[in-house]
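Subject: Structure handover and notes

Dear colleague,

Here is the structure for your files, and I would be glad if you could look through it before reading my notes. The notes come after it.

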Amino acid sequence: MADEDAEVVRATPSGRTIPFELYTHCGIDEARIDSTYFEAETPLSDGSGNPPDGWDNPTQRGTMTLKSETEAVFTDDSGHEVKFRARPGASEFKRICA
């Protein structure tokens, strides 16, 4: 996933909910909030590297709730919920998605 494909937002105090556009093109696996890289606790895909049925592609609009500096939860109006955990020391995405 390229940096320009991921939404970057300023970190806010924990417990705050912010608008977020989650990059879903190659499945739901990673997100970047400010300079922190997060990974999904349970990555989601259709088995072929695409988002599962019911997800928009290439992005899904929703909100990201920052539970703490290391935990975040994405939700949207379709009822999706994905929990993310920070990857300590990460300075880039695990993989680049075209």
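This is a predicted model: local features need pLDDT of at least 70, side-chain atom pairs count only at pLDDT 80 or more; totals for chains, interfaces and linings use all residues.

Residues are numbered from 1 along each chain as its sequence is written, and side-chain values use heavy atoms, with hydrogens and water left out.

**Fold**

The protein chain has zero helices and six strands, where helices (H or I, at least four residues) and strands (E, at least two) are DSSP runs numbered from the N terminus. β4 and β5 run antiparallel and are joined by four bridges, the pairing criterion being that DSSP finds at least two bridges between two strands. A hairpin of four residues connects β4 to β5, and within this pairing leucine 66 stands opposite alanine 72 in β5. β5 also pairs with β6, again in the antiparallel sense, over five bridges; here glutamate 71 has arginine 85 in β6 as its bridge partner. The hairpin of β5 and β6 has five residues between the strands, and in it glycine 79 takes a positive phi near 95 degrees.

Of the contacts in the protein chain between residues at least 6 apart in sequence, 61% join residues at least 24 apart, a contact being heavy atoms within 4.5 Å.

**Burial and core**

Of the 98 residues of the protein chain, 41% count as buried; buried means under 20% relative accessible area, exposed over 50%, and partly exposed in between, with a 1.4 Å probe and protein chains only. The chain exposes about 5,600 Å², of which carbon and sulfur atoms supply 44%, the areas coming from the Shrake-Rupley method with a 1.4 Å probe and, for residues, only the protein chains shown counting as cover.

The largest nonpolar core has 16 residues, and Phe20, Leu22, Ile33, Met64, Ala72, Phe74 and Phe84 touch the most other members. Such a core is a set of buried Ala, Val, Leu, Ile, Met, Phe, Trp, Tyr and Cys residues joined through side-chain atoms within 4.5 Å. At least two residues of this core come from each of β1, β2, β3, β4, β5 and β6. Leaving aside neighbours within four places in sequence, alanine 72 has contacts that include Ile33, Phe38, Met64, Val82 and Phe84.

**Salt bridges**

There are six salt bridges in the structure, each defined as a side-chain nitrogen of Lys or Arg within 4 Å of a carboxyl oxygen of Asp or Glu.

- Glutamate 21 and arginine 61 form one of them, with the closest N and O atoms 3.5 Å apart. Glutamate 21 lies in strand β1 (residues 16-23) and arginine 61 in strand β4 (residues 59-66), so the pair ties together parts that are 40 residues apart in sequence. Glutamate 21 is partly exposed at 23% relative accessibility, whereas arginine 61 is exposed at 64%.
- Glutamate 30 and arginine 87 form another, with the closest N and O atoms 3.7 Å apart. Glutamate 30 is in strand β2 (residues 28-33) and arginine 87 in the segment after β6, 57 residues apart, and both residues are buried.
- Glutamate 41 and arginine 85 are also bridged, with the closest N and O atoms 2.8 Å apart. Glutamate 41 lies in strand β3 (residues 36-44) and arginine 85 in strand β6, so this pair ties together parts that are 44 residues apart in sequence. Glutamate 41 is partly exposed at 40% relative accessibility, and arginine 85 is partly exposed at 37%.
- Asp29, Glu39 and Lys94 are linked in a network of salt bridges.

**Aromatic pairs**

The count comes to two aromatic pairs, for which rings of Phe, Tyr and Trp (its six-membered ring) must have centres within 6.5 Å, with planes under 30 degrees apart counted as stacked, over 60 as edge-to-face and the rest as tilted. Tyrosine 37 and phenylalanine 93 form an edge-to-face pair, at 4.9 Å centre to centre and 85 degrees between the planes. Tyrosine 37 is in strand β3 and phenylalanine 93 in the segment after β6, 56 residues apart. Tyrosine 37 is buried at 5% relative accessible area, and phenylalanine 93 is buried at 4% relative accessibility.

**A loop residue**

Aspartate 56 lies in the loop between β3 and β4 and is partly exposed at 44% relative accessibility. Leaving aside neighbours within four places in sequence, aspartate 56 is in contact with Thr24 and Pro51.

With kind regards
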